[in-house]
Amino acid sequence: MNLHNQTVTMTMNHYLVRFLYYFVFYSVTAGLTIGYLYWYLYFQVPLNYPALTGMQNAMKMNPGLSYLPHPDMYSSVIVFRPRETLNYFRMVDEQAAFLHRYRYSSNVGMLRDCALENEFQQDQNRPCRYYLDAAGPCGARTRFGSDFVCVILKMNRIFGWLPDPVDNGTGVLVKCSGATEDDTFNLGSITYYDIDYRFTSAQIQVGKVENGSFNKIYFPYRSQSGYQQPLVFVKFENVAKHTFIRDHDRVLLGKHYEAGYFTNRWRRRGFNCKLWRQRLCRVIYFVLFYVVLLGISICLIQAVMYFDIDREKPALTGLNSALGFNPGLSIIPSSDIHGNLIRLTSRRFEISEGFTSELLVFLAPYQRAGDRVEVMQCARNDGTYKFESTRPCAFDLDSAWPCNVDSLFGYDGESPCILLKMNKIYGWLPDPVEGADGVVVKCEGVTLDDQINLGYVGYYDLSNHHFKLGFAARSEGKTDNGTFHSDFFPYVNQHWYLQPIVWVVFNEMRRDGLIRVQCHLIAKNIHVDFTTAEGSVQFEILAE
């Protein structure tokens, strides 16, 4: 019960540390991201003017023209159906919402009446006010027209752009016409209403028939507080009904240029100092961002590995381990990671050499262990063995007898050697069956035919090496089973630990046929299931 409680406590601590790691990691990542956004918005994005102006701007200092109402973002068709009041009021609401800031904006009181003050140039700090009575019959009082069609035209705002009117006009002229002669005829009469009447002696807005005008006093646009862009209201009267009409609007102006306030920027052979400085700052920021992020990640990983991962034992042991406290069995050599087919042929020496090399690599620590640490002599059953976590048991490779490098582990003859080993499970102790001094292992054919074709099976282990007398008896090996001696358990991550091995030799094996072999462990606390490979291993031998 105490062991179970300790395991549960270790598991909860492990999950808690992992949760804290990810919480700190993503918190720092979010903090860096938010910090970058604030830094970028504060230092890189100007508050009073765009970062790219003039020819560097996407509009290339050439203003566009748009209109209201615009009922569909995917189409430019305006449909008027008197019987469908919902569609009509939707367009009215769109125009009213756009014009709301012209009348009720909090900065309206700060704007100048340029016509009243006889000013013909806009103040940078106090832009000119645009009066909606310029709409004439296309105003909100008439619901933007009921017996006729009203459309609001507006120019795109380009920072610092100044118009150069044609023929000393009052501003940028705009003219509407049909795309074809039929469309022009179906449009009926066209009247333009704009702010120009306030700069004349006219008392009321009578409209113009030639063109409309975006007065030049509303330029340039410089992100002025409360800025109101100029509008032109176009009235289409006597429009042909039940007819699809294509309208074409165009802006008439001369040469255009950038405001003098921005023409003094440093430009030399197309090089923009400010733009490249921003790009350089961005590159430096991202380099520092990912360097800091990488450093924090490495520090967090090192902290988890130092404080959460124990160097002496795994975090999950016993039933919490992936192996479930039930050791498995594996073989060497294993010629294919996708299968367990061992192919033996006398015609291809490289296959036998590959098997031999794999066995030599695995056995190399067994040969060097005695030179590195002080080992104990185990598996003698003389009562002198006592478990020590700092002194692993020595494994005598002479117990292999015919399975040695001089004979190429039997792969140059008729009797190949297979090395069996158990998976290492931290803290596991075997409970041997009656009469055994460790975990018993037994190999046999899967079917009766396989058992016949397999021939005589011999086992070589430390028990055979220590307790059989005479050279002949030891060289023949054991015929019933092999044993992984109990003195090699438990495994508690001892330095230079050598796991016990059992050699299996197949003598007088039938050739030119596929033989299926299965080996399994035998102990009271080992569950064997061939379908799931628990406590067992299956492989095939093809001898040619």
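1. Leucine 408 counts as partly exposed in this predicted model, because its relative accessibility is 26%, and partly exposed denotes the range between under 20% (buried) and over 50% (exposed). The residue belongs to the loop that runs between strand S15 (393-394) and strand S16 (417-422). Its backbone deserves a remark: leucine 408 has a positive phi of about 55°, although it is not a glycine. Most residues other than glycine have a negative phi.

2. Alanine 533 also calls for comment on its backbone. Its phi is positive, at about 60°, and alanine 533 is not a glycine. The residue is placed in the loop between strand S21 (513-522) and strand S22 (536-543). With a relative accessible area of 46%, alanine 533 is partly exposed.

3. The next point concerns peptide bonds. Most peptide bonds are trans. The bond leading from isoleucine 332 to proline 333, however, is cis, and its omega is near 10°. Proline 333 sits in the loop between strand S12 (329-332) and strand S13 (341-344).

4. A cis peptide bond is also found from phenylalanine 489 to proline 490, where omega is near 0°. The location of proline 490 is the loop between strand S19 (482-485) and strand S20 (501-507).

5. Is asparagine 215 buried or exposed? It is buried, because its relative accessibility is 5% and the limit for that class is under 20%. Asparagine 215 is part of strand S6, which covers residues 212-215. Its side chain reaches the backbone nitrogen of isoleucine 217 at 3.1 Å. Leaving aside residues up to four places away in sequence, asparagine 215 touches Thr170, Gly171, Ile195, Asp196, Phe199 and Pro230.

6. Which residues make the nonpolar surface patch of about 490 Å²? The patch is formed by Leu16, Phe19, Leu20, Phe23 and Val24. One of these residues, leucine 20, lies in helix H1, which comprises residues 2-44. Leucine 20 is partly exposed, with a relative accessible area of 43%.

7. For a reader inspecting the model, the backbone features may be revisited together. The positive phi values are those of leucine 408 and alanine 533.

Conventions. Residues are numbered from 1 along each chain as its sequence is written. This is a predicted model: local features need pLDDT of at least 70, side-chain atom pairs count only at pLDDT 80 or more; totals for chains, interfaces and linings use all residues. Side-chain values use heavy atoms; hydrogens and water are left out. Patches are made of residues with over 30% relative accessible area and no salt bridge: like charges are joined within 9 Å, nonpolar side chains (Val, Leu, Ile, Met, Phe, Trp, Tyr) within 5 Å. Accessible areas come from the Shrake-Rupley method with a 1.4 Å probe; for residues, only the protein chains shown count as cover. A salt bridge is a side-chain nitrogen of Lys or Arg within 4 Å of a carboxyl oxygen of Asp or Glu. Helices (H or I, at least four residues) and strands (E, at least two) are DSSP runs, numbered from the N terminus. Buried means under 20% relative accessible area, exposed over 50%, partly exposed in between (1.4 Å probe, protein chains only). A polar contact is a pair of N or O atoms within 3.5 Å; within protein, one must be able to donate a hydrogen and the other to accept it, and residues adjacent in sequence count only if both atoms are side-chain atoms. Contact means heavy atoms within 4.5 Å.
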